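Hi! Have a look at it before you read on.

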Amino acid sequence: IKGFWSALTSFDYDRDGDLDLVLGGYGLNSKIRASVDRPITMLINDFDDNEDNDHLLLYYIEDEQYLFHTKDELVSQMPFLKKKVLSYKDFSEADWRSLFDPKKIKESQLLEVTENRSSVFINQGENGFVPQPLPSSVQLSPVSDILISDVDADNIEDLVLTGNFHETNIQMGRYDASYGEVLLNKDSKMVPVAQRKTGLNLVGQVRNSEILLFKGEKVYIFGMNNDQLKLYKKVVR
């Protein structure tokens with residue numbers, strides 16, 4: 001499965017003696033979504049013959065594939081397009097394939113994403129890994145880091161997920177819907193803890209997190225982008 005993976009860790013999720021994987025992804029709170037039938041695609045090639053590679057990002061709306069980029073963004077990168085699309089109306093009505101040399105399109109390096117969701121991948125031994133998407137509350141924002149910790153003291157490891165991402169263009173807007181997500185591992189199902197019961201209030205972008213022992217007690221430390229560290233003794237009230 002191809003995804004915008006930004007975090008990876010492992011633990012015995014289903015308690016069968018082998019390690020399963022947890023992968024943090026892009027989430028579903030976005031205008032661009034991916035599936036096997038409708039992947040997010042990037043074509044990489046020197047479309048304007050200036051000896052530098054250009055990148056075309058493509059995504060689906062229903063059954064049609066569209067360029068993600070605006071006319072202004074494309075023309076600033078590849079000025080030859082000025083003569084092909086004289087107006088915004090022309091650009092909106094043009095098939096993106098008509099804007100570029102078919103040979104260049106065919107010869108482009110192709111990258112694809114088929115899954116947006118942060119997920120657990122369950123280890124099935126010789127049968128590989130079976131994906132299980134995490135609850136919908138996790139999918140509200142990108143996940144950049146994952147902690148494994150028994151947060152409710154039942155001797156079963158749980159998950160603490162953090163993220164957000166602000167460095168986006170105006171089309172996307174900031175991804176800032178996560179304040180820290182706690183998932184309890186109950187009968188091999190990840191059960192989200194309501195935000196008001198977690199005690200976490202991680203406003204901003206979390207880039208890294210760690211658990212340290214201080215005087216025999218766990219301390220959860222969250223590294224914030226352009227901000228102070230945030231420390232919590234408990235992540236569940």
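Phe80 is partly exposed, at 29% relative accessible area, while Phe100 is buried at 2% (buried is under 20%, exposed over 50%, partly exposed in between, with a 1.4 Å probe and protein chains only). This is a predicted model, where local features need pLDDT of at least 70 and side-chain atom pairs 80 or more, though totals for chains, interfaces and linings use all residues. Residues are numbered from 1 along each chain as its sequence is written, and side-chain values use heavy atoms, leaving out hydrogens and water.

Searching the whole structure turns up eight aromatic pairs (Phe, Tyr or Trp rings, the six-membered one for Trp, with centres within 6.5 Å; planes under 30 degrees apart are stacked, over 60 edge-to-face, the rest tilted). Phe80 and Phe100 have ring centres 6.4 Å apart and planes at 75 degrees, so they pair edge-to-face. Phe80 is in the loop between α1 (71–77) and α2 (88–93), and Phe100 in the loop between α2 and α3 (102–107), so the pair ties together parts 20 residues apart in sequence (helices are DSSP runs of H or I, at least four residues; strands are E, at least two; both are numbered from the N terminus). Phe4, Tyr26 and Tyr175 form one aromatic cluster.
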